[in-house]
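Welcome, and thank you for taking a look at this model. Please have the sequence and the 3D view open, and then follow the notes topic by topic.

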Amino acid sequence: MHSAGNDIPLEGEGTHTGGPDRAIDDTIRLNWREKLVEFGPVMAMVMCGTMMGTFIVIVSLLALRSTFEELAPGFTEAGSIPFIILVVVAVTIGNTCSFSCAPYIIRLFFRGYELKDERIDRGLKRLITVTGMDIRTEKIYAMKGRTANAVVAGLFRKGQYIFFTKTLLERMSEGEIMAILAHELAHARHRHMPRMMLAIVLWALGVQVFFWLIGFHAYFRTIDDYWQIWANSGIAMVYVYLLMFLVLFPQSRRHEYEADATAARWVGISQYRQALYRLHQLNDQLKPPRKIAAKLGTHPTLQQRLERVGRLE
């Protein structure tokens, strides 16, 4: 249950009031060209991180396998238990590097720079008092973006950075910015990035164990080399899509609910609901998406999030 004593008093509030009664409609409505421009760096960033992780996984697997083959020939034959262990270790190394490099990739593609903003300083001081967390202001960055958004990136808490788009900083009030900051800090508090990486590693382990149980590798070696290439490509695509839609996206939605609940307790439920509404209003996301889009999205809908936060009262 939420305690009113945990509400944080706000200072220096801007003119933004949030909520459905706003007198000025400053919703960000992008045309298709602007959406494409906005989407480009996001896809480039995702592709860069994915390629980096995949490359490191392959290099790690080959290096580990070569080393063990020298020590014990035949020990790492595809489909064996030692080979499964090598795959899981390689996936762990690759994703650790990819998640850890995420803040630097964001800064590269979105031209991120250290944020100097008195509102952030004041909000952070209040949140540190409530949360007991120690986060340095130099780990909070601004980045270019046409939409209002914020994100936390990095694997472990000491190596994590928080990013705000300039649009969010320009159009949201101090109290609303603090609520969004609380949400990103909640992700760090609950160690959502390590949990996400753990899910990827466990998925890789599960797939390899499944292949081992059905004797997939023994059968795979009997087919023609040409078909092996096509089979590998198809399996990789299915693997990635199943990982996203069955594991990562549902887990991401659960993480959002958890971060919402924690942030709402830190800043106050009414303040957090206002900030949540304001963020979706700015990004023209008040209208509920289609059911299939809601089920396959990385974030719950505004209506679902407001309902969950409302249950805390």
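## A first tour

I85 lies in helix α2. This is a predicted model, in which local features need pLDDT of at least 70 and side-chain atom pairs count only at pLDDT 80 or more, while totals for chains, interfaces and linings use all residues. Residues are numbered from 1 along each chain as its sequence is written, and side-chain values use heavy atoms, with hydrogens and water left out.

**Overall build**

- The protein has eleven helices and four strands; helices (H or I, at least four residues) and strands (E, at least two) are DSSP runs, numbered from the N terminus.
- The C-alpha trace spans about 70 × 40 × 40 Å along its principal axes.
- Of the 313 residues, 44% count as buried; here buried means under 20% relative accessible area, exposed means over 50%, and partly exposed is in between (1.4 Å probe, protein chains only).

**A nonpolar patch on the surface**

- I85 is one of the residues of a nonpolar surface patch that also includes I81, V89, I93, L198, L202, L205, V209, F210, W212, L213 and I214.
- Together these residues have about 1100 Å² of accessible area, a value from the Shrake-Rupley method with a 1.4 Å probe, where for residues only the protein chains shown count as cover.
- Patches are made of residues with over 30% relative accessible area and no salt bridge; nonpolar side chains (Val, Leu, Ile, Met, Phe, Trp, Tyr) are joined within 5 Å, and like charges within 9 Å.
- Which elements give two or more residues to the nonpolar patch? They are α2 (81-109) and α6 (192-213).
- The largest share, seven residues, comes from α6.

**Salt bridges**

- The structure has eleven salt bridges, each being a side-chain nitrogen of Lys or Arg within 4 Å of a carboxyl oxygen of Asp or Glu.
- The side chains of E118 and R122 form one of them, at 3.7 Å from N to O; the two residues sit four apart in helix α3 (residues 118-131), about one turn of the helix.
- E118 is exposed, with a relative accessible area of 57%, whereas R122 is partly exposed at 28%.
- R122 also meets E174 in a salt bridge, at 2.7 Å from N to O.
- This second pair links distant parts of the chain, with E174 in helix α5 (residues 174-189) and R122 in helix α3, 52 residues apart.
- E174 counts as buried, at 4% relative accessibility.
- R305 and D260 meet in a salt bridge of 2.8 Å, N to O; the pair links helix α11 (residues 302-310), which holds R305, to helix α8, which holds D260, across 45 residues of sequence.
- R305 is buried at 5% relative accessibility, and D260 is buried at 2%.
- Salt bridges that share partners join E118, R122, R126 and E174 into one network.

**Aromatic rings and charges over them**

- There are eight aromatic pairs; rings of Phe, Tyr and Trp (its six-membered ring) pair if their centres lie within 6.5 Å, and planes under 30 degrees apart count as stacked, over 60 as edge-to-face and the rest as tilted.
- Y141 and F163 have ring centres 5.8 Å apart and planes at 45°, so the pair is tilted.
- Y141 lies in strand β2 (residues 140-143) and F163 in strand β4 (residues 161-165), so the pair ties together parts that are 22 residues apart in sequence.
- Are Y141 and F163 buried or exposed? Both are buried.
- Y241 and F245 form a stacked pair, 6.2 Å centre to centre with 5° between the planes.
- Y241 and F245 are four residues apart in helix α8 (residues 225-267), about one helical turn.
- Y241 is partly exposed at 44% relative accessibility, and F245 is partly exposed at 34%.
- Y104, Y141, Y161 and F163 form one aromatic cluster.
- R107 lies over the face of Y161, at 5.9 Å from the ring centre, and K139 lies over the face of Y161 at 5.4 Å; a charge sits over a ring if NZ of Lys or CZ of Arg is within 6 Å of the ring centre and within 35 degrees of the ring normal.

**Cysteines**

- The structure holds zero disulfides, a disulfide being a pair of cysteine sulfur atoms within 2.5 Å.
- C48 is in no disulfide, and the nearest cysteine sulfur, that of C101, is 8.9 Å away.
- C48 is partly exposed, with a relative accessible area of 27%.
- C97 is in no disulfide either, with the nearest cysteine sulfur, that of C101, 6.3 Å away.
- C97 is partly exposed at 29% relative accessibility.
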